[in-house]
Amino acid sequence: MKRRHFLTGAAGAALLSTLPVGSIRAFAQSASGVITYGQSTAVLTLDPAHGAFTGYPGGYEAALLLFDRLLDFDADMKIVPQLAEAFTMSADLQSCEIKLRSGVTFHDGTPCDAAAIKFNIERMMNKEINTTNRPLWNPISGAEVVDETTVVIRASAPFAQLPNTLAHGSGAIVSPAAIEKFGEDGFAKNPVGAGPYMVEAFNSGQELTLKAFDGYWGGKPGASGVVFKFIAEPATRINAITTGAVDVIDSVPVQLVSQLEGNADVEVVRKPGLRPIGLAMNLTRPALADVKVRKALNLAVPVATIAEKVFFGFAKAPDSPLAFDAIGHKSVGETAFDQEQAKALLAEAGYTAGSDGMLAKDGAQLTLSLFAPEGLFPGDVSVAEIVAASLKQVGVDVQINKIEKGAYWDHLRQDKANLAWDLAMFGFNPSNASGTYHLASLFKSNADDDAKPDVWNIGRYRNAEVDQLLSVADSAPEEAARMEALGKAQELVWADAPYLWLQINENVSAVRKSVAGVSVMPIVFTNLRNAAKA
């Protein structure tokens, strides 16, 4: 028996808005203004392949307006239709039949039909062209055209996350004719999609100007144009929205929220995030290979106090490796602050305090190098300094290395011989909304721990039982069995403590009240797809 999913309704209509949907539509019908978005990250490239919409998340946010996907996420990250009118997953989870909307065209006037979908699926399967988001695309084995509006996508093994992949940002459908015209190297600066807006001008790294696409299948967009303007400094973004120089900003520092809330022209939009922040531990270091040491480090840091005091309540301490609203989240523990217990565990691990109070074992002091980016994660440097001070109180010497955010990722994803850190701040954004994808990306064993990590298992965590549970969570026919396996995997990872768990932040943006329909998604993105300005 097949499990059928019939999806109807306007694409993206369920995304969050600051007004009821009916009001948004009425507003959009009369809207003609240009919306200016002051982004904290620059838009560098606009291709789902070849690096996937750099920089992050700015490129993805622009792609939400330029490109349509087969499926989309609603405000609660549930899957809803976009280019597809319906989809049917097979009982063995190895194929998905897609029924497309008819009459859809790309910005260049060419048809967005089953042949175009087949082209896109096969392009993203190509590891030479699509070098990122590989866990999302590796399971897919092909696409077949049934007729002009029907396509079947196949997987090489049961793949319950196939719809999540199609709804992910990398599932953006591009114009095959534009790829032929501009080439694989030229498309990222000359993108052509089937979304509600098309490119008018693109100054990579500085500004992207979009204009409404008159031929959009979903009706008239809510604005005549949208400008994405890179504004790196938070204070400059705050000033820009206060003065009306821009209409929307993202990454509002939580200590400045009260300042904006006092402005009658501005509304603060917030959403709990799906990205737990923590310190990955380098388990190839002898000290951190001992689970007693890892648990002691977790006990030594006042995580709940950090969430409350540093982030003014715009964050929570975690109770699982997954965020509270992640699909499949299970509460498996709690963060506790108990430095006496931390000291006891370190003593059991063989560490003794010297005259200066610092711990050592076999003549070697317990010193850890902590890598933290500057401005990449909320309060990153401040949190690192609190962690270092807290660990010093139990006798652990921590040296902080601040890394410029543009170069940070390269420091994390190194081969074993070139790992320079013991602790590294990291937060994974599960942008396909799957808790299974999240855990597998961070905690599934690497094929070769000496090489660069397969995905983001940067600390070289390895637990065969977790690997097996994640396989079940990805392939079991029944959802209940998948969720049970995912819950058990969370329990094991939490008990093994391969991270020093920190906080889960809310995503905070601000919008001038002349603009309606802006949403903040749990996966970091500020989404202007349904925004309207009179």
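**Rings, helices and a loop**

Trainee: Is Tyr-216 buried or exposed?
Mentor: Relative accessible area under 20% is termed buried, over 50% exposed, and in between partly exposed, with a 1.4 Å probe and protein chains only. The relative accessibility of Tyr-216 is 11%, so Tyr-216 counts as buried.

Trainee: How many aromatic pairs are there?
Mentor: This is a predicted model, in which local features need pLDDT of at least 70 and side-chain atom pairs count only at pLDDT 80 or more, while totals for chains, interfaces and linings use all residues. Residues are numbered from 1 along each chain as its sequence is written, and side-chain values use heavy atoms, leaving out hydrogens and water. Rings of Phe, Tyr and Trp (its six-membered ring) pair if their centres lie within 6.5 Å; planes under 30 degrees apart are stacked, over 60 edge-to-face, and the rest tilted. By this rule, the number of aromatic pairs is 19.

Trainee: Which kind of pair do Tyr-216 and Trp-217 form?
Mentor: The ring centres of Tyr-216 and Trp-217 are 5.2 Å apart. Their planes lie at 45 degrees, so the pair is tilted.

Trainee: Which kind of pair do Trp-494 and Trp-501 form?
Mentor: Trp-494 and Trp-501 are both buried. Their ring centres are 5.2 Å apart and their planes lie at 0 degrees, so the pair is stacked.

Trainee: What lies over the face of Phe-187?
Mentor: Phe-187 belongs to an aromatic cluster with Phe-53, Tyr-56, Tyr-60, Phe-67 and Phe-525. A charge sits over a ring if NZ of Lys or CZ of Arg is within 6 Å of the ring centre and within 35 degrees of the ring normal. At 5.9 Å from the ring centre of Phe-187, the residue over its face is Arg-123.

Trainee: How are H14 and H15 oriented to each other?
Mentor: Helices (H or I, at least four residues) and strands (E, at least two) are DSSP runs, numbered from the N terminus. The axes, lines fitted to C-alpha atoms over the stretch in contact, with angles from 0 to 180 degrees between N-to-C directions, come within 10 Å and cross at roughly 150 degrees for H14 (residues 435-443) and H15 (residues 464-475). Angles under 35 degrees are roughly parallel, over 145 roughly antiparallel, 65 to 115 roughly perpendicular and the rest oblique. H14 and H15 are therefore roughly antiparallel.

Trainee: What is the phi of Ala-497?
Mentor: Ala-497 is in the loop between helix H16 (479-496) and strand E21 (499-512). Ala-497 is buried, with a relative accessible area of 4%. Its phi is positive, in a residue other than glycine, and is near 50 degrees.
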